[in-house]
Amino acid sequence: MTAPSSMAVLFDLDDTLINYSSAAAKERESVHRLVRPHLPADAMDGFWERYEGHLARHHVEVDTGRATVADYRESRLRHALEPWGKPSPALAAAVALCADMTAARVELHAGVNEVLGSLREAGVRLGIITNGPGSIQNAKCARLGLAAAVDTVVTSQDAGRTKPDAAVFHMALDRLATSPDRCVVVGDSWENDVLGAIRAGVGAAVHIRRPGTPARTADGVLGQLPRVDRELLELLEVRRGGN
Ligand SMILES: [Mg+2]
């Protein structure tokens, strides 16, 4: 008879375990200050539209390792400034430094160490599944002690796919020797984490809602809860209520 696989919890990284959005907001302010002197007074809205549009269209390339971080940043700034000229090497370097600062600035959310410690003590296997370049995401995990606090970190670059693709979830579960129905996914993105987990056949998903985001429900979430050990869910619930 085969022994049952371990229970596991897979956590998203940005805005689930760490405060990515507030660090990214500071990056945006810094980039704004750097770029504004180079553009006409009424051009900043257009700049941001092009900058964010490039991010939306091309982030998968850098998140899966098909583009380098340096090339991606350079092409994003060049595209955003195109109607007004080319960025100088000094401006490109300064904007890139702003992005590096974001990775250096993020911090753990309160209670994360306690949650991870409690789950480990209970024998739960732990993983992080995160969209982003491996170099950046792994550096954040190492600096904040997360790499040592979990059993595996899977980036979209490792999987060659970005969440919500099931490949990311399945790579983490394979590394933890755990089956999907023995796993809970915790994340702040409804599409990438919750719906991705359900489509990957994961037992349950917990949605971390940032302030101001709407409550969401999906048939698959509550419908699949009984498949996961109640103790695991209660442990997560107790830790959440205790913070
Ligand atoms: Mg997130």
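User: Which residue stands opposite L10?
Analyst: V185 in β4 stands opposite L10. This is a predicted model: local features need pLDDT of at least 70, side-chain atom pairs count only at pLDDT 80 or more, and totals for chains, interfaces and linings use all residues. Residues are numbered from 1 along each chain as its sequence is written.

User: How many bridges join β1 to β4?
Analyst: Four, between strand β1 (residues 8-11) and β4, and the two run parallel. Strands (E, at least two residues) and helices (H or I, at least four) are DSSP runs, numbered from the N terminus. Two strands pair if DSSP finds at least two bridges between them.

User: Through which helix does the chain cross from β4 to β5?
Analyst: Through helix α10 (residues 190-199), in a right-handed β-α-β crossover. Right-handed here is a clockwise path from the first strand over the helix to the second, with the strands pointing away from the viewer.

User: Is strand β4 enclosed or open, and why?
Analyst: Five of the five residues of β4 (residues 183-187) are buried, so the strand is largely enclosed by the rest of the structure. Buried means 20 or more other C-beta atoms, placed from the backbone, within 10 Å of the residue's own; exposed means 12 or fewer, and partly exposed is in between.

User: Which residues point one way from β4, and which the other way?
Analyst: C183, V185 and G187 point one way, V184 and V186 the other. In a regular strand the side chains alternate between the two faces of the sheet.

User: OK, zoom out. What is the strand order in the sheet?
Analyst: β3-β2-β1-β4-β5, an open sheet of five strands with parallel pairing. β3 and β5 stand at the edges with a single partner strand each, so one side of each has no neighbour in the sheet. The twist averages 20° from one strand to the next.

User: How do β1 and β2 run?
Analyst: β1 and β2 run parallel, joined by four bridges. A8 stands opposite R125 in β2 there.

User: Which residues of α9 are buried?
Analyst: V168, F169, M171, A172 and L173, within residues 166-175. What covers them includes β1, β2 (125-130), β3, α8 (156-159), β4 and α10. Just after α9, A177 takes a positive phi of about 55°.

User: Switching to helix pairs. At what angle do α1 and α4 cross?
Analyst: Roughly 165°, with the axes of α1 (residues 20-35) and α4 (residues 89-105) coming within 9 Å. They are therefore roughly antiparallel. The cut-offs are under 35 degrees for roughly parallel, over 145 for roughly antiparallel and 65 to 115 for roughly perpendicular, with the rest oblique.

User: Which residues make the contact?
Analyst: From α1, A23, A24, K26, E27, S30, V31 and L34. From α4, L91, A94, V95, C98, A99, M101, T102 and R105. Contact means C-beta atoms, placed from the backbone, within 7 Å.

User: How far apart are the axes of α2 and α3?
Analyst: 8 Å, and α2 packs against α3 (residues 69-81) at about 150°. That makes α2 roughly antiparallel to α3. The contact includes F47, R50 and Y51 of α2, and V69, Y72 and R76 of α3.

User: Where is W48?
Analyst: In helix α2 (residues 44-63). W48 is partly exposed, with 15 other C-beta atoms within 10 Å. L81 is 33 residues away in sequence, and 9.5 Å away C-alpha to C-alpha.

User: Last one. What is D151 in contact with, beyond its sequence neighbours within four places?
Analyst: R125, L126, G127 and L176. D151 lies in the loop between α7 (146-149) and β3 (152-155). With 17 C-beta neighbours inside 10 Å, D151 counts as partly exposed. The C-alpha atoms of D151 and I128 are separated by 8.4 Å, at 23 residues apart along the chain.

User: And overall, what share of the protein is buried?
Analyst: Buried residues make up 35% of the 243 residues. The protein has 12 helices and five strands.

Key:
Contact = placed C-beta atoms within 7 Å. Axes fitted to C-alpha atoms, helices over the stretch in contact; angles between N-to-C directions.
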